[in-house]
Amino acid sequence: MAFLSFVGRVLFVSVFVFSAYQDRLNVIVDLRLNVIVDLFNDFGVDGGSAATALTPKFNVLSKHFTTHTGFQVPDFEIKFLVAGAIALKALGSFLFVFGSTVGATLLILHQLIATPLIYDFYNYDIEKKEFLQIFIKFTQSLALLGALLFFIGMKNSIPRRSSTTKKAAKTKTV
């Protein structure tokens, strides 16, 4: 049973690992099918294409947040948000594979920040094709969030074995 649990965690984490891998690597395949990997080639000085795509979404989400809560979102460079997302996914995935609730918490933090930012279905008209595609990805992301919460709940509900609870052997009296 422990092996199946480990395999399940590895398969679950593969979503985050491949996503982080795709975020940080630019893979170029030449004609001989040799793979050349340029680390952080797309990230560059300004955060790359991910930062370019997230900047308008972040601005809209900041305006929504400020309008509804009255709190001002501090200004910062989006490239730090992209780097933080990569770090959360990588470290959280590594720890989660080994059954750590800290890893699950890091992945939950990533999901809570990234999901409404990346999958901004609320900015599209409900009758447009993009709305449905983004909404489906949003709900899939919520399913991942639910699975992480379920993992933490199950991890906390299972009693831990303790070596201190073993009873001492009784001595024989004659």
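**Labels and their cut-offs**

Mentor: Let us begin with a salt bridge, which Lys 79 forms with Glu 77, the closest N and O atoms being 3.7 Å apart. Please keep in mind that this is a predicted model, in which local features need pLDDT of at least 70 and side-chain atom pairs count only at pLDDT 80 or more, while totals for chains, interfaces and linings use all residues. Residues are numbered from 1 along each chain as its sequence is written, and side-chain values use heavy atoms, with hydrogens and water left out.

Trainee: Why is the contact of Lys 79 with Glu 77 called a salt bridge?

Mentor: The term asks for a side-chain nitrogen of Lys or Arg within 4 Å of a carboxyl oxygen of Asp or Glu. The closest N and O atoms of Lys 79 and Glu 77 are 3.7 Å apart, and therefore the pair qualifies under that cut-off.

Trainee: How do you know whether Lys 79 is buried or exposed?

Mentor: Buried means under 20% relative accessible area, exposed means over 50%, and partly exposed lies in between, with a 1.4 Å probe and protein chains only. Lys 79 has a relative accessible area of 19%, so it is buried, whereas Glu 77, at 46%, counts as partly exposed.

Trainee: Which side chain meets Asp 120 in a salt bridge?

Mentor: The partner of Asp 120 is Lys 57, with 3.6 Å from N to O. This pair links distant parts of the chain, 63 residues apart, since Asp 120 sits in the loop between helix 4 and helix 5 and Lys 57 in helix 2 (residues 48–69); helices here are DSSP runs (H or I, at least four residues), numbered from the N terminus. Asp 120 counts as buried because its relative accessibility is 5%, while Lys 57, at 22%, counts as partly exposed.

Trainee: What makes Phe 12 and Phe 96 an aromatic pair, and what is the angle between the planes?

Mentor: Rings of Phe, Tyr and Trp (its six-membered ring) pair if their centres lie within 6.5 Å, and planes under 30 degrees apart count as stacked, over 60 as edge-to-face and the rest as tilted. For Phe 12 and Phe 96 the centres are 5.5 Å apart and the planes 50 degrees apart, which gives a tilted pair. Phe 12 lies in helix 1 (residues 2–24) and Phe 96 in helix 3 (residues 78–97), 84 residues apart, and both are buried.

Trainee: Which residues have the most contacts inside the largest nonpolar core?

Mentor: A nonpolar core is a set of buried Ala, Val, Leu, Ile, Met, Phe, Trp, Tyr and Cys residues joined through side-chain atoms within 4.5 Å. The largest has 13 residues, and those with the most contacts inside it are Phe 12, Phe 16, Phe 96, Ala 104 and Leu 148. Helix 5 gives the most to this core, with five residues.

Trainee: Why is Ala 114 called buried?

Mentor: Ala 114, whose place is in helix 4, has 11% relative accessibility and therefore counts as buried.

Trainee: And how is Phe 6 classed?

Mentor: Phe 6 is found in helix 1, and because its relative accessibility is 31%, it counts as partly exposed.

Note on methods. Helix = DSSP H or I, 4+ residues; strand = E, 2+ residues; numbered from the N terminus.
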